Amino acid sequence: MDTPERTEDLAQLLARLKAEYGVNETEIARRIGTGVSTINSWANRTRGGKRGPNPEKLRALAREFPKFTEAEIFAAAGRQAPGPLSAEAQERILKLWAGLTEDQQRAKEVELRALNEMNRTGQ
């Protein structure tokens, strides 16, 4: 899976975010529902780490600090942003899911977990 090209890393983006909003790592952590140590590790993360930031926390960062887009934040983290899921798409997916056998649902769940894990680890 290709990762987006980035001009700044997550540490640089966080420095800009802190300056733009006048917040510190404690405030960022509070607003996105994570620990200060997580934000500190993002701010000091070197490229090539084993695990990338949690996609849900990156999305929360975009929601809480809207001057920074989700695409911009994910790119700085070296990740592709997860696609949007509209209510209509969710309804279509659930209808398809309901048509699967129990064994098929288990198999698809394993596949989806593997894909999500790939997204979390940046592989």
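Hi everyone. Glu91 counts as partly exposed, at 46% relative accessibility, while Lys95 counts as exposed, at 58%.

Before going further, please keep in mind that this is a predicted model.

Let's step back to the whole chain. The protein has 123 residues, and buried ones make up 27% of them. Now take the contacts with a separation of 6 or more: 60% of them are between residues 24 or more positions apart.

Next, the inside. In soluble globular proteins, nonpolar side chains tend to be buried together. Here, the largest nonpolar core has 21 residues. Which of them touch the most other members? They are Leu10, Ile28, Trp42 and Leu61. Five helices each supply at least two residues of this core: α1 (10-21), α2 (25-32), α3 (36-43), α4 (55-64) and α5 (70-76).

Let me pick out Leu61 for you. Setting aside residues up to four places away in sequence, Leu61 touches Leu14, Leu17, Ile28, Ile32, Trp42 and Ile73. Leu61 belongs to the buried residues of α4, together with Pro55, Leu58, Ala60 and Ala62. While we are on α4, have a look at its start: a side-chain oxygen of Asn54 reaches to within 2.7 Å of the backbone nitrogen of Glu56.

Now for a pair of helices. Two packed helices are described by the angle between their axes and the distance between the axes. For α1 and α3, the axes come within 7 Å and cross at roughly 115°. On the α1 side the contact is made by Leu10, Ala11 and Leu14, and on the α3 side by Ile39, Trp42 and Ala43. Sorted by class, that contact has six nonpolar residues, no polar ones and no charged ones.

Leaving aside neighbours within four places in sequence, Ile39 is in contact with Leu14, Glu25, Ile28, Ala29, Ile32 and Thr34. As for Ala29, it is ten residues from Ile39 along the chain, and their C-alpha atoms are separated by 6.3 Å.

For contrast, turn to Thr7, in the segment before α1. Thr7 counts as exposed, at 85% relative accessibility. The C-alpha atoms of Thr7 and Ala75 are separated by 8.5 Å, and the two residues are 68 apart along the chain.

Let's finish with charges. Side chains of opposite charge can pair when their charged atoms come close. How many salt bridges does the structure hold? It holds twelve. One of them joins Glu20 and Lys67, with the closest N and O atoms 3.0 Å apart. Why does this pair tie together parts that are 47 residues apart in sequence? Because Glu20 lies in helix α1, whereas Lys67 lies in the loop between α4 and α5. Glu20 is partly exposed, with a relative accessible area of 45%, and Lys67 is exposed, with 53%.

Arg113 is exposed, with a relative accessible area of 55%, and Glu109 is partly exposed, with 35%.

Finally, salt bridges can also be found as a network here, linking Glu8, Arg16 and Glu72.

Notes: Residues are numbered from 1 along each chain as its sequence is written. This is a predicted model: local features need pLDDT of at least 70, side-chain atom pairs count only at pLDDT 80 or more; totals for chains, interfaces and linings use all residues. Side-chain values use heavy atoms; hydrogens and water are left out. A nonpolar core is a set of buried Ala, Val, Leu, Ile, Met, Phe, Trp, Tyr and Cys residues joined through side-chain atoms within 4.5 Å. Buried means under 20% relative accessible area, exposed over 50%, partly exposed in between (1.4 Å probe, protein chains only). Helices (H or I, at least four residues) and strands (E, at least two) are DSSP runs, numbered from the N terminus. Contact means heavy atoms within 4.5 Å. A polar contact is a pair of N or O atoms within 3.5 Å; within protein, one must be able to donate a hydrogen and the other to accept it, and residues adjacent in sequence count only if both atoms are side-chain atoms. Axes are lines fitted to C-alpha atoms, for helices over the stretch in contact, and angles run from 0 to 180 degrees between N-to-C directions. Ala, Val, Leu, Ile, Met, Phe, Trp, Tyr, Cys and Pro count as nonpolar, Asp, Glu, Lys and Arg as charged, and the others, Gly among them, as polar. A salt bridge is a side-chain nitrogen of Lys or Arg within 4 Å of a carboxyl oxygen of Asp or Glu.
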